[in-house]
Amino acid sequence: MADKVLMKGNEAIAEAAILAGCKHYFGYPITPQTEIAAYMAKKMPKIGGCFLQAESEIAAINMVYGVASTGKRVMTSSSSPGISLKGEGLSYMAGSDLPCLVVNVQRGGPGLGGIQPSQSDYFQATKGGAHGDFRMIVLAPASVQEMAELTVKGFELADKYRMTSMILADGTMGQMMEPVALDFDIKERPATPWATTGTKLEREHNIVNSLSLVAEELERLNFERFERYKAVEENEAMYEEFMTEDADIIVAAFGIASRVSKNAIVEARKQGIKVGLIRPITLWPFPKAPFEKAANTAKAIISVELSMGQMIEDVKLATGCKVPVTLCNRVGGMIPSPEQVLEAIIEANGGAN
Amino acid sequence: MIMRDFKRITLLCGHYGSGKTNVAVNFALELRKQRDRVAIADLDIVNPYFRSKDSSSEFEDNGIRLICSEFANSNVDIPALPQDMYAITDDKELSVIIDVGGDDRGALALGRLAPKIVEENDYEMLMVINCYRPLTRDAESTIEVMREIEYAGHIKFTGIINNSNLGIATTPQDVLKSIKYAKEVAKLSDLPLLYTTVTDDIYNDLCDKIENLLPLSLQARPV
């Protein structure tokens, strides 16, 4: 009846996935992402889809592997410790060139950690996530609307490049509620001639497998896969710039940290400090271009993170260490306040104007 | 408008996102103006963040007792109930607003208290509804959620509160559009539509357009 609905971030992911044609969800409950599974449990039976609560995260990711092999859209979701458990499956999916969507609504770590929000799985998501040479497309939403939009985008990119897309959100993004418009333009899926759907005696067998018996063959597959990754890096980096045109201080932040940072930037602007935000929307591929550009004009960069400083390494690489990059952070389930970020901006400015 | 008299126990249920915690907090503050011994009880075993405990200092300032799991808003990730929850039924001098958790899973905790509440028969069990939530967008699906809550909680609804909203983005038009839905829920469930609730900033735009309109102050604000 209404154009917009009020949704939790977790629900927005679930509903957007269904709209994108995902009829298969496998997962195991863990705070703070359980609403994704709960929503799927309610909705999937009504649309002829499959919701299955697996006996563990490891089982769930292997069920995802199975459905992905048949060329169907499929997803799983979890939070930090659960994603670690899925690691083996993520590597197998990459080794088999299977598309799927994996959602990580991060909580404080390491270990069992806590249930409050965090961004400390950045390394895990962007630098591999498990054994072997592989990449995942990592999308970092900063609103409930983006939780929905990037879910659709994630499926599209996964299909396009035959790889895993990961939504890297945090507990706040999962739990907060905002109005969402769900009128997406869902694109036609690319064909899946590789899928194991039965030969009907009309074609050769398709084989989905991550085991190679010959080293030369495995090397060739790795090189081929990295050609695809190169195309992703060249074509798919996404970011938002906010008040950067004349900025001599740049704040780098994603997800919830970017929202806090925007508040601080607006406040700093009132005090006459020229500061702007670069918000990576894809964390892999990391949007290097705006940082390369900023390195020529800015006098300082501040990386605002809910971690001990993980994205800051990519910021330093992208800027070639031309400008000092400092860290402003809270960890363990805590969120930096706008005041804390403002203080860091003033310090980078060499004091108040 | 003037609010109806409170019963000793007011139970507020609704799908999470209906805004029932905000209604509960406002009701508790209103009830405290009328009575000396007032408690708000948070029986939510589902939501990890954004709980009535967020308003604990306001309750303390107003002399309202908070009956709430000591693990709410902490890292202890277990569906715990407050240790003093039996005060709700055992202390007959206490007036209580109960914030029942989420959906049918949340209402499960209510089943433990329901027989005593029904036996005493000094209660109202109110469904807070929001047509802008995806699983309660029309009257039929809302009735379905109500039946699930009644089944899990072993207690029947006695009235409806229309709190249809889109968070801080809610416009007066959004509320006006929800009235037809709210009346339909009331008709299908054969229950009275007791109030339509709105935040105080849009109350003046609507007070002569909607009957039984109640202004609420917003307790929890997003980042």
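B:Ser55 counts as buried because its relative accessibility is 10% (buried means under 20% relative accessible area, exposed over 50%, partly exposed in between, with a 1.4 Å probe and protein chains only). The model is predicted: local features need pLDDT of at least 70, side-chain atom pairs count only at pLDDT 80 or more, and totals for chains, interfaces and linings use all residues. Residues are numbered from 1 along each chain as its sequence is written, chains are lettered from A and ligands numbered from 1 in the order in which they are written, and side-chain values use heavy atoms, without hydrogens and water.

**Surroundings of B:Ser55**
- B:Ser55 sits in the loop between strand E2 (38–42) and helix H2 (56–61) of chain B (helices, H or I, have at least four residues and strands, E, at least two; both are DSSP runs numbered from the N terminus).
- Leaving aside residues up to four places away in sequence, B:Ser55 touches B:Val25 and B:Gln219 (contact means heavy atoms within 4.5 Å).

**Chain B overall**
- Chain B holds eight helices and eight strands.
- Of its 223 residues, 56% count as buried.
- The C-alpha atoms of chain B fill a box of roughly 45 × 35 × 35 Å along the principal axes.
- Among contacts in chain B between residues at least 6 apart in sequence, 74% join residues at least 24 apart.

**Helix packing in chain B**
- H6 (residues 139–153) and H7 (residues 172–189) of chain B pack at about 50 degrees, with axes 9 Å apart (axes are lines fitted to C-alpha atoms, for helices over the stretch in contact, and angles run from 0 to 180 degrees between N-to-C directions).
- That angle makes H6(B) oblique to H7(B) (under 35 degrees is roughly parallel, over 145 roughly antiparallel, 65 to 115 roughly perpendicular, the rest oblique).
- On the H6(B) side, the contact includes B:Ile143 and B:Met146; on the H7(B) side, B:Val185 and B:Leu188 are among the residues met.

**Helix H2 of chain A**
- H2 (residues 34–43) of chain A is mostly covered, with seven of its ten residues buried.
- Among them are A:Ile36, A:Tyr39 and A:Lys43.

**Backbone features**
- The peptide bond from A:Gly109 to A:Pro110 is cis, with omega near 0 degrees.
- A:Pro110 lies in the loop between strand E5 (100–106) and helix H6 (122–126) of chain A.
- Another cis peptide bond joins A:Trp284 and A:Pro285.
- A:Cys321 is not a glycine, yet its phi is positive, near 55 degrees.
- A:Cys321 counts as exposed, at 58% relative accessibility.
- B:Asn121, also not a glycine, has a positive phi of about 60 degrees.
- B:Asn121 is exposed, with a relative accessible area of 57%.
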